[in-house]
Amino acid sequence: MCGIIGYTGYSDARGILLKGLKTLEYRGYDSAGISVYHKDFRECLTTKCKGRVEDLANKATDIKGKTGIGHTRWATHGGVCDENSHPHKFGEVTLVHNGIIENYENIKNTLDISEKLKSQTDSEVAAALIDRFFTGNPEKAIIDAVKKLSGTYAFAVMFDSIPDTIYAVRNVSPIVCCQNDDGAYIASDIMAIGEYSEDYFVLPEFSIAKITKDGFDIKDFDGKPVEAPMLKLDWDIKNSGKCGHPFYMEKEIMEQPDVIEKTISNHIKDNMPDFVCDKVDDEILSKCKSVCVIACGTAMHAGLIGKQLIESICSVPVSVHMASEFMYSNPIVDEDTLVICVSQSGETIDTLEALKYAKSKGADTLSIVNVRGSSIARESDNVIYTDAGPEIAVASTKAYTTQVSVFYLITAKMAYLRGNLNYEGVTNFLTELQKIPAAVQEIIDKRDEIHHFSKSMLSAEHTFMIGRGLDYPALLEASLKLKEISYIHSEAFASGELKHGTIALITSGTPVIALMTQQYLVSKQVSNIREVQSRGADVITFVRKSLKNDELVNYFELPELEDDFMLIPSVVALQLLAYYVSSDKGLDVDKPRNLAKVVTVE
């Protein structure tokens with residue numbers, strides 16, 4: 001949600017800002033704008049509009065200068081319109097903002113500026129507050145202003161009287177920074193500036209950065225110098241494009257055999273699960289009496305898989321919580337609890353706040369994230385990094401399968417440390433785990449068969465998915481993929497629950513996706529398939545090769561793995577189904593309506 005870009009240096013700022021905003025589109029937005037300092041007019045000139053970055057580029061043709069800030073906005077305070085777009089200017093101050101200012105109404109009334117405001121946003125009020133405090137010292141004005149704010153924020157600020165300089169400050173919402181011989185860059189996401197340097201740092205919270213073409217001067221609020229640890233980009237920014245695919249989602253689905261294999265192999269040493277590279281303390285896996293998984297959306301579905309694996313193999317009770325509800329449900333966490341937070345970006349605000357709450361209760365914390373240096377990674381006691389690389393499509397695919405891969409590895413390590421599996425048992429487990437990338441590639445190679453099945457679903461308004469055992473949480477993720485990118489109402493149900501009410505929704509011609517990979521549940525799943533067929537449902541079954549039978553008419557044959565390892569290949573097959581339904585309907589697969597890739601406000 002929302003994106004920030006800033007540049008000051010020796011090149012044309014307009015082009016760099018627009019390119020950065022284009023890269024940040026995947027976060028989700030409804031308007032965009034840029035401000036560039038104009039040396040002749042001695043002020044910051046702004047162009048902004050609702051719509052896409054392309055609309056902004058066509059409008060901002062005459063903006064020239066070597067220092068500027070830009071923003072893509074996801075509407076929170078105020079509707080979608082040009083006036084509410086960022087950047088906002090008030091007096092001397094031009095500002096872009098990620099986050100939410102909770103007390104902006106009180107500030108607005110205190111300043112008595114209602115008639116002077118041009119927008120309905122909290123961000124313009126923040127600009128007005130900084131302007132009120134500004135008497136020539138920009139750092140002091142910004143610090144005095146943010147001390148009055150309640151909420152979260154990442155600000156990039158320019159002043160008309162201070163040419164070629166940007167100031168940045170943040171609380172929770174991220175700002176990353178880098179520089180090269182051509183100047184200095186800031187952004188809300190390394191994706192926007194990673195091409196300029198593989199070395200970067202995250203601006204520490206409650207510090208203020210003065211940014212010029214020569215680099216960064218960072219101080220805390222008491223004026224003392226602050227050193228920010230440098231990070232290194234661990235994926236090739238040049239590989240972040242579509243690489244010939246029509247959509248990022250298709251590209252990211254196709255990358256899964258490689259990224260799953262990389263995630264697994266990077267955490268195995270001498271045929272045993274190994275988290276030394278991530279500096280994870282084995283004791284947190286061996287001593288905990290319970291596990292609590294906190295996540296949102298797709299990441300939560302990965303957690304549901306982790307729950308079943310850990311409980312069945314390690315005999316440790318696991319609860320899975322929606323991060324947005326965690327703090328408000330009186331969760332039972334203490335020093336005997338291992339809290340596992342899951343987030344692709346590492347910036348999901350609900351998960352971050354839940355993590356902080358869990359730590360305050362004395363729980364050990366372990367996070368599974370894809371972005372080094374992210375807020376959740378920094379806040380956690382322990383981190384395991386996935387090796388998914390950049391994921392651009394809003395609908396997550398490879399991030400999910402690498403998260404699940406990590407849960408397999410955690411399960412194996414925990415089982416060995418606690419004596420649930422001996423050395424031979426763990427090596428056998430890992431041998432089967434290492435077959436998953438090839439199984440996923442086998443599905444991708446047969447994607448035309450899945451495309452054929454998708455054509456029967458293009459006119460559907462509703463569809464249902466049924467499965468048992470591990471198939472059920474796998475279908476929760478598959479159902480989410482279908483509805484978020486195809487806009488078909490889709491629900492996943494544990495097959496045994498059909499007769500307890502859900503079967504009333506089945507009518508003639510209703511598409512039903514059945515998943516059948518669990519050998520010990522085959523007879524029951526076949527009975528459930530018969531139930532919906534007898535009510536007229538059009539059933540497509542995704543079935544493990546050894547479990548198919550003569551009763552199945554429309555089916556896709558899945559590769560052969562042991563029960564516990566079928567869920568990743570199954571979900572990849574259903575990712576492809578959702579992808580083809582969406583693309584064949586002519587929808588923008590990568591940017592489903594109303595959704596953002598990174599949710600940074602509660």
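Reply: Contact here means heavy atoms within 4.5 Å. Please note also that this is a predicted model.

Me: With that in mind, which residues is Ser-31 in contact with, leaving aside its neighbours within four places in sequence?
Reply: Ser-31 is in contact with Cys-49, Lys-50, Gly-51, His-71, Thr-72, Arg-73 and Ser-85. Ser-31 itself lies in strand 2, residues 31-38.

Me: Is Ser-31 buried or exposed?
Reply: Ser-31 has a relative accessible area of 0%, and therefore counts as buried, the cut-off being under 20%.

Me: Which side chains have a polar contact with the side chain of Ser-31?
Reply: The side chain of Asp-30 does, at 3.5 Å, and that of Ser-85 does, at 3.2 Å.

Me: Turning to the helices, how do the axes of helix 7 and helix 15 cross?
Reply: The axes of helix 7 (residues 256-265) and helix 15 (residues 436-445) come within 8 Å and cross at roughly 175 degrees. Helix 7 is therefore roughly antiparallel to helix 15, since angles over 145 degrees count as such.

Me: Which residues make that contact?
Reply: Helix 7 contributes Gln-256, Pro-257, Ile-260 and Glu-261. From helix 15 come Ile-436, Pro-437, Val-440, Gln-441 and Ile-444. By class, six residues are nonpolar, two are polar and one is charged.

Me: Now the backbone. Which residues other than glycine have a positive phi?
Reply: Phe-206, with phi near 55 degrees, is one of them. Another example is Ser-315, at about 60 degrees. Most residues other than glycine have a negative phi.

Me: Where are these two found?
Reply: Phe-206 is in the loop between strand 11 (199-202) and strand 12 (207-212). Ser-315 is in the loop between helix 9 (297-314) and strand 18 (318-322). Phe-206 is partly exposed, with a relative accessible area of 40%, while Ser-315 counts as exposed at 59%.

Me: One last point: what is the peptide bond from His-86 to Pro-87?
Reply: That bond is cis, with omega near 0 degrees. Pro-87 lies in the loop between strand 4 (67-73) and strand 5 (88-90).

Definitions and conventions: Residues are numbered from 1 along each chain as its sequence is written. This is a predicted model: local features need pLDDT of at least 70, side-chain atom pairs count only at pLDDT 80 or more; totals for chains, interfaces and linings use all residues. Side-chain values use heavy atoms; hydrogens and water are left out. Helices (H or I, at least four residues) and strands (E, at least two) are DSSP runs, numbered from the N terminus. Buried means under 20% relative accessible area, exposed over 50%, partly exposed in between (1.4 Å probe, protein chains only). A polar contact is a pair of N or O atoms within 3.5 Å; within protein, one must be able to donate a hydrogen and the other to accept it, and residues adjacent in sequence count only if both atoms are side-chain atoms. Axes are lines fitted to C-alpha atoms, for helices over the stretch in contact, and angles run from 0 to 180 degrees between N-to-C directions. Angles under 35 degrees count as roughly parallel, over 145 as roughly antiparallel, 65 to 115 as roughly perpendicular and the rest as oblique. Ala, Val, Leu, Ile, Met, Phe, Trp, Tyr, Cys and Pro count as nonpolar, Asp, Glu, Lys and Arg as charged, and the others, Gly among them, as polar.
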